[in-house]
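Dear colleague,

I am passing on to you the structure that we spoke about, and my notes on it follow below. Please read them with the model open beside you.

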Amino acid sequence: MDIYVILKQTFDTEEKIIIEDGQVTEDGVQYVINPYDEYAVEEAIQKREELGGNVFVIAVGPERTSEALRTALAMGADEAILIADERICSDENTVSKVLASYLGSQKVDLILGGYFSVDNGAGQVAIRLAQLLDIPHVGSITKLDIRDDKAIADRDAEGDLEQVEVTLPAVFTAQQGLNEPRYPSLPGIMKAKRKPFKQLTLDDLDIDETELAPKTERIALSLPPQKEAGQILKGDTAEQVKEIVEKLRHETKLL
């Protein structure tokens with residue numbers, strides 16, 4: 001079984017976001033595998049251990065994304081592919097078309113990815129990829145069973161549970177609870193250095209650059225305003241209500 005994991009590198013969730021000139025500054029920032037993609041990597045490795053085959057991790061992004069791919073190799077993936085090209089923007093439409101161009105020429109039995117990325121939360125790439133490849137998609141899965149050429153997945157449906165059966169190949173996105181991602185071991189880190197790592201550009205793909213026009217555009221980026229200190233209202237209940245109404249009317253203009 002050939003299993004592909006679409007992976008993204010994101011800010012460490014513990015990092016403090018600093019914006020300068022309308023851009024997130026990357027100075028001294030720690031990057032990691034998108035947390036939801038870690039569940040996808042772990043699930044791919046478990047399915048390979050259960051069914052045999054190979055796990056490929058693939059990413060579209062800048063050169064630094066190689067760090068996240070090598071972490072996935074250290075976890076146990078067999079091969080990594082990085083598509084890095086300054087002509088590729090981060091728009092989900094563009095990324096999905098680039099991935100489809102590569103994966104459409106490969107033998108693929110199963111594609112896994114994270115439910116969404118923690119940096120922009122769009123959750124579009126996997127859905128668009130499935131449509132472009134004309135294969136089924138099941139999102140936010142918490143369990144996955146493979147039986148011959150079919151897959152049965154439990155998916156989180158806003159607090160409820162749905163069970164979906166689809167024919168492979170198909171795309172699945174991982175939700176928290178699917179598994180517990182393993183930490184790369186020292187032997188795994190050493191082995192990762194010898195595993196195949198393929199780096200490609202648009203020139204290596206059968207895709208017309210004119211197809212990659214972004215569908216979205218960022219107009220502005222800013223941090224939310226800092227919260228002001230809270231206030232303690234004095235007096236009895238009637239006096240407190242009166243003061244609240246006055247503040248809502250004259251300070252916040254909500255009344």
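Asp 134 sits in the loop between helix H4 (125-133) and strand S9 (137-147), where helices (H or I, at least four residues) and strands (E, at least two) are DSSP runs numbered from the N terminus. This is a predicted model, in which local features need pLDDT of at least 70 and side-chain atom pairs count only at pLDDT 80 or more, while totals for chains, interfaces and linings use all residues. Residues are numbered from 1 along each chain as its sequence is written, and side-chain values use heavy atoms, with hydrogens and water left out.

Asp 134 has a positive phi, near 60 degrees, in a residue other than glycine, and Asp 134 is exposed, with a relative accessible area of 69%. Here buried means under 20% relative accessible area, exposed over 50%, and partly exposed in between (1.4 Å probe, protein chains only). Ser 140, which is found in strand S9, also is not a glycine and has a positive phi of about 60 degrees, but Ser 140 counts as buried at 1% relative accessibility. As background, most residues other than glycine have a negative phi, and most peptide bonds are trans. A cis peptide bond, with omega about 0 degrees, joins Leu 168 and Pro 169, and Pro 169 is found in the loop between strand S11 (160-167) and S12.

Leaving out residues up to four places away in sequence, Gln 175 touches Tyr 36, Tyr 39, Tyr 115, Ser 140, Ile 141, Thr 142 and Asp 156, where contact means heavy atoms within 4.5 Å.

Turning to the chain as a whole, there are six helices and 13 strands, and 40% of the 255 residues count as buried. The C-alpha trace spans about 70 × 40 × 40 Å along its principal axes. Among contacts between residues at least 6 apart in sequence, 69% join residues at least 24 apart.

The largest nonpolar core has 38 residues, of which Val 5, Leu 7, Val 41, Val 57, Leu 112, Leu 144 and Phe 172 touch the most other members. A second, separate core of 26 residues includes Ile 58, Leu 99, Leu 103 and Leu 202. A nonpolar core is a set of buried Ala, Val, Leu, Ile, Met, Phe, Trp, Tyr and Cys residues joined through side-chain atoms within 4.5 Å.

H1 has 17 residues and reaches 25 Å from its first C-alpha to its last, close to the 24 Å expected at 1.5 Å a residue, the expected span being 1.5 Å times one less than the number of residues. Buried residues in H1 include Tyr 36, Tyr 39 and Val 41, and H1 is followed by Gly 52, whose phi is positive, near 85 degrees.

Lastly, Ser 66 has its place in helix H2 and is buried, with a relative accessible area of 19%. Ser 66 touches Leu 82 and Phe 197, not counting residues up to four places away in sequence, whereas the C-alpha atoms of Ser 66 and Lys 107, 41 residues apart along the chain, are separated by 23 Å.

With best regards
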